[in-house]
Amino acid sequence: MTTVFPPAEDLGGGLATLRHQVVGPVLTPGQDGYDEEIAGFNTAILHRPALVVGATGAEDVAAAIRFAAAHSLPVAVQATGHGAVQAADGALLINTSRMREVTVDPSGRSARIGAGSRWADVIEQATPHGLAPLSGSSSGVGAVGYTLGGGIGPMSRTFGFAADHVREITVVTSDGTIRVTDRNTEPDLFWGLRGGKGSLGVVTSMVVDLFPVSTLHGGCLYFSAEDTSAVLHAYRTWTDTLPETTTTSVAMLRLPPLPQLPPPLRGRFVTHLRFVHLGDAQEAEALLAPMRAVAEPIFGEIGQMPFGAIDSVHRDPVDPLPAWDRGALLRELGEETLEALLAVAGPAADVPLTVVELRHLGGALAREPHLPNAVGGRDAAFSLLVIGAPVPELLDTVIPAVGGAVIDALAPWQTGGTQLNFHGSALAPADLSRAWPQPTLRRLAALKDHYDPTRMFRFGHVVPRV
């Protein structure tokens with residue numbers, strides 16, 4: 001489909017004014033730097049905005065939003081592009097990747113992070129003080145977007161969602177106003193931003209809790225395809241024995257024959273166990289023993305490690321690639337559930353799927369935080385995530401059908417909800433509505449009507465009308 005851009009003359013003299021107001025670049029299609037400015041991690045999503053603004057701070061964002069309002073342009077925002085699920089065609093795209101400032105308050109155990117900050121930036125500043133953020137499985141992911149969508153990471157069963165530990169948010173709403181929100185100032189907006197993702201405005205910075213974690217017992221083990229069934233069934237019963245200080249996940253991976261992969265993993269189907277325990281080594285190894293006894297790993301290591309090495313637990317890709325994903329939440333993981341999953345996605349299934357993952361939830365994730373927010377999915381025991389193979393010609397047809405069939409095969413055990421960061425590309429209003437409990441959805445929809453009455457922010461995981 002050809003994207004229709006507003007003619008340059010329709011933007012009037014305001015474009016020159018915007019370029020004067022904004023410190024960062026303001027680019028239209030065809031200008032030098034435009035393609036680089038719109039590029040993101042998920043290369044399957046190619047934005048073709050009418051205008052892209054490389055924001056350097058909240059004032060740049062506010063100027064861009066006021067310009068968009070004056071010219072009836074929808075607005076999209078991107079920091080790293082990891083969470084992109086919909087192309088922002090014909091929009092004004094705000095690129096926040098330059099806004100990477102991180103300020104750590106060691107005595108207050110908090111960090112102020114800019115909208116373009118990656119978790120790696122926060123980790124680098126926090127770990128010298130013996131502190132750690134509630135980051136995700138990959139430190140290359142943008143910290144703000146991850147947190148606004150909830151945020152499930154390697155310590156989540158212990159501490160809860162990343163969104164549960166936000167102290168303050170600075171956001172620019174659709175009227176171009178810069179607002180600083182917290183539990184006392186515009187508390188309804190503060191509630192909705194934490195779990196409503198990008199529906200209510202463009203967040204320019206936030207203050208988050210840090211935790212006194214400098215080391216942990218963690219890592220991963222890879223098992224051969226032949227041991228997949230045994231590992232998954234052992235995992236099912238093993239998770240019932242784990243304390244909240246332990247967060248785990250397991251994934252079936254179809255790995256390409258790439259030279260950068262360790263030789264035992266190249267071009268193979270493997271089952272990948274991830275493990276993080278906040279406690280001493282003896283306790284951790286006692287908890288881990290049942291899984292070590294299932295089969296001999298073909299690769300991997302679990303042991304004491306500094307928090308700064310947290311990426312070695314999940315070993316997520318670091319280079320941009322095309323991706324399709326979709327998720328669901330499970331109320332239980334029984335024997336029949338696993339047999340259904342193995343039938344459609346196990347080693348005997350010929351499917352173009354790179355990752356089929358189960359994350360153990362519960363613990364602190366199941367409890368409302370001391371300061372309630374709009375995060376959904378607290379009633380789930382496990383999350384299911386399906387990621388398609390990075391084959392561009394299959395991403396629009398074959399992979400959605402096959403990946404959807406995996407999700408559908410586990411329908412009898414699903415809660416009916418989704419977790420927003422793992423929701424994927426199912427963007428119909430009925431699908432998006434599943435990301436929140438109905439009372440939460442109704443409250444979010446009312447906030448959307450109040451703060452964004454023209455639905456300027458309409459791309460991706462946006463709160464639907466109810």
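In the predicted model, the side chain of Lys448 reaches the backbone oxygen of Phe457 at 2.6 Å. A polar contact of 2.6 Å also joins the side chains of Lys448 and Asp452. Lys448 belongs to helix α14 and has a relative accessible area of 0%, so this residue is classed as buried. Beyond four places in sequence, the residues touched by Lys448 are Ser199, Leu200, Pro453, Arg455, Phe457, Val462 and Val463.

Helix α14 also takes part in the largest nonpolar core. Of the 50 residues in this core, Ile113, Met155, Ile169, Val203, Met206 and Phe307 touch the most other members. Two or more residues each are supplied by β5 (102–105), β6 (110–114), α4 (119–126), α5 (143–148), β7 (166–172), α7 (187–196), β9 (202–209) and α14 (438–451). The largest share, five residues, is that of α14. Val203 illustrates the packing: with residues up to four places away in sequence left out, Val203 touches Ala115, Val144, Leu148, Ile169, Thr170, Val171 and Leu193. Another core, of 45 residues, lies apart from this one and has Ala284, Leu342, Ala349 and Leu395 among its members. In soluble globular proteins, nonpolar side chains tend to be buried together.

Helix α7 is mostly covered, with eight of its ten residues buried. These are Leu189, Phe190, Trp191, Gly192, Leu193, Arg194, Gly195 and Gly196. The buried residues of α7 pack against α5, β7, β8 (178–181), β9 and α14. Just after α7, Lys197 adopts a positive phi of about 55 degrees.

Arg443 additionally forms a salt bridge with Asp188 (3.0 Å, N to O). This pair links distant parts of the chain, since Asp188 lies in helix α7 and Arg443 in helix α14, 255 residues apart. Both partners are partly exposed, with relative accessibilities of 40% for Asp188 and 36% for Arg443.

The whole structure contains 16 salt bridges. In one of them, Arg367 meets Glu244, with the closest N and O atoms 2.9 Å apart. Here too distant parts of the chain are linked: Arg367 lies in the loop between β15 (353–360) and β16 (382–388), Glu244 in the loop between α8 (228–238) and β11 (246–254), and 123 residues separate the two. Arg367 is partly exposed at 42% relative accessibility, as is Glu244 at 34%. A further salt bridge joins the side chains of Arg331 and Glu332 (3.6 Å, N to O); relative accessibility is 43% for Arg331 and 37% for Glu332. Asp164, Glu368 and Arg378 are linked in a network of salt bridges.

Six aromatic pairs are present in the structure. Ring pairs connect Tyr235, Trp238, Phe275 and Phe382 into a cluster.

The C-alpha atoms of Val23 and Ala55 are separated by 7.2 Å, although the two residues are 32 apart along the chain. Not counting residues up to four places away in sequence, Val23 touches Thr56 and Asp60.

Conventions
Residues are numbered from 1 along each chain as its sequence is written. This is a predicted model: local features need pLDDT of at least 70, side-chain atom pairs count only at pLDDT 80 or more; totals for chains, interfaces and linings use all residues. Side-chain values use heavy atoms; hydrogens and water are left out. A nonpolar core is a set of buried Ala, Val, Leu, Ile, Met, Phe, Trp, Tyr and Cys residues joined through side-chain atoms within 4.5 Å. Buried means under 20% relative accessible area, exposed over 50%, partly exposed in between (1.4 Å probe, protein chains only). Helices (H or I, at least four residues) and strands (E, at least two) are DSSP runs, numbered from the N terminus. Contact means heavy atoms within 4.5 Å. Rings of Phe, Tyr and Trp (its six-membered ring) pair if their centres lie within 6.5 Å; planes under 30 degrees apart count as stacked, over 60 as edge-to-face and the rest as tilted. A polar contact is a pair of N or O atoms within 3.5 Å; within protein, one must be able to donate a hydrogen and the other to accept it, and residues adjacent in sequence count only if both atoms are side-chain atoms. A salt bridge is a side-chain nitrogen of Lys or Arg within 4 Å of a carboxyl oxygen of Asp or Glu.
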